[in-house]
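This report looks at strand pairing and at contacts made by aromatic rings. Please keep the sequence and the model in view while reading.

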Amino acid sequence: MKTIKILLAITLTLAMALTIAPNIRTVKANDEIHIKVGPKIDNIYTSKTVGEKDIKVKTSGRGTYTVGDDPTEYSVNETIVKIFKNGNLYETKTIPVNSEAVFKSVTVSYDKSDSFKVALYMNILGEEKNGPTRSFKLASEKISKVKVKATKISNKKVYLRWGSASGATGFHIYMGKKKVKTVSAKTTKTMVTKKKAGKSKFRVVPYVKVDKKEYKSSSNTVKPKKNEHKWKKKMKVKSYPYATCKYVITKVSLTGKTYTVTGYAMNSREWDFKRYKSLKIDLKVDGKKAFSKKYKNKNIKIKENKKKKIVFKIKGKAGMDLANGKPKFEVTEDPDWGIKNDSFKE
């Protein structure tokens, strides 16, 4: 019985060895590796960015080979992808077959083209075997120009606005020919406080740093505008079946902390207008509160179906950019024609 158990154990061991033997390859010193099929480069994609690029190499195919005079074909499950820049190895990635290698933030020259080569390799029994290659040239995208707008806040203060510049490291701000400020790439508006700023011309120049070297774009040259905003509105008074006397604002300006609000009271009724029981004017600039002012019992006499120009001087927040910002008024009126129990009021 003991002899039979030993024979069965030997038989099972031999069967297992025969089963796994095809997957085990012992290479002799003189065996030659014969590549049957190698991986392929399908496409190379590059990002349109400034100073550096992402490079994606899409591959397909599985490498197969034989060893020596053995006809058995073996396959490779990984592909080695190497990228060379100007003749020098830049980076190596090992990826599964039929996938893509992504090389992130590859530095490229700004003022000239760099030569690149992508090469595929197969790791066969510990040796790297050459596959296909593809060569191409790359250069950085250029940073765009920006358009600058300037508002004179005071003789010494100017508010600047401009658009973003993709890929820029930051912006240099020039007053005349002199650089007076540098801001980050995320900044698109700033206040410049300098002597005679209100009478000077300005530029905002995007720049980028590539390989420790700085490259500049350009911008328009602009002189600060007066800090005011105007609205073009039809000022014809229309008669309505309900009683209304809107205060329509056509212009606002700012000096220091004083806002000058110009508008017209539009008496759209066949009765002489007497007063505003209350008149509330709110102003926001770029979504920020500039002022809120409420008047009570504001006497304003206006003939029927006529308009009258009214100017208010209102204290508020200094430094707001009315000329190039986005001022938005909200006006609430409670008009009074001196009629008791007026049932026709809006």
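## Strand pairing

In which sense do strand β22 and β23 pair, and over how many bridges? Strand β22 (residues 273–285) pairs with β23 in the antiparallel sense, over 11 bridges, where strands are DSSP runs of E of at least two residues, numbered from the N terminus, and two strands pair if DSSP finds at least two bridges between them. One of these contacts joins K284 to its bridge partner in β23, K289.

Both strands belong to an open sheet of three strands in the order β23-β22-β25, with antiparallel pairing. The edge strands, β23 (288–302) and β25, each pair on one side only.

## Basis of the model

This is a predicted model, in which local features need pLDDT of at least 70 and side-chain atom pairs count only at pLDDT 80 or more, whereas totals for chains, interfaces and linings use all residues. Residues are numbered from 1 along each chain as its sequence is written, and side-chain values use heavy atoms, with hydrogens and water left out.

## Aromatic pairs

The structure holds 11 aromatic pairs (ring centres of Phe, Tyr or Trp, the last by its six-membered ring, within 6.5 Å; planes under 30 degrees apart are stacked, over 60 edge-to-face, the rest tilted). Among them, W231 and F329 form an edge-to-face pair, 5.7 Å centre to centre with 70° between the planes. This pair links distant parts of the chain, 98 residues apart, with W231 in the loop between β19 (228–230) and β20 (245–255) and F329 in strand β25 (residues 327–336). Ring pairs also link W231, Y259, F291 and F329 into a cluster.

Notes: Helices (H or I, at least four residues) and strands (E, at least two) are DSSP runs, numbered from the N terminus.
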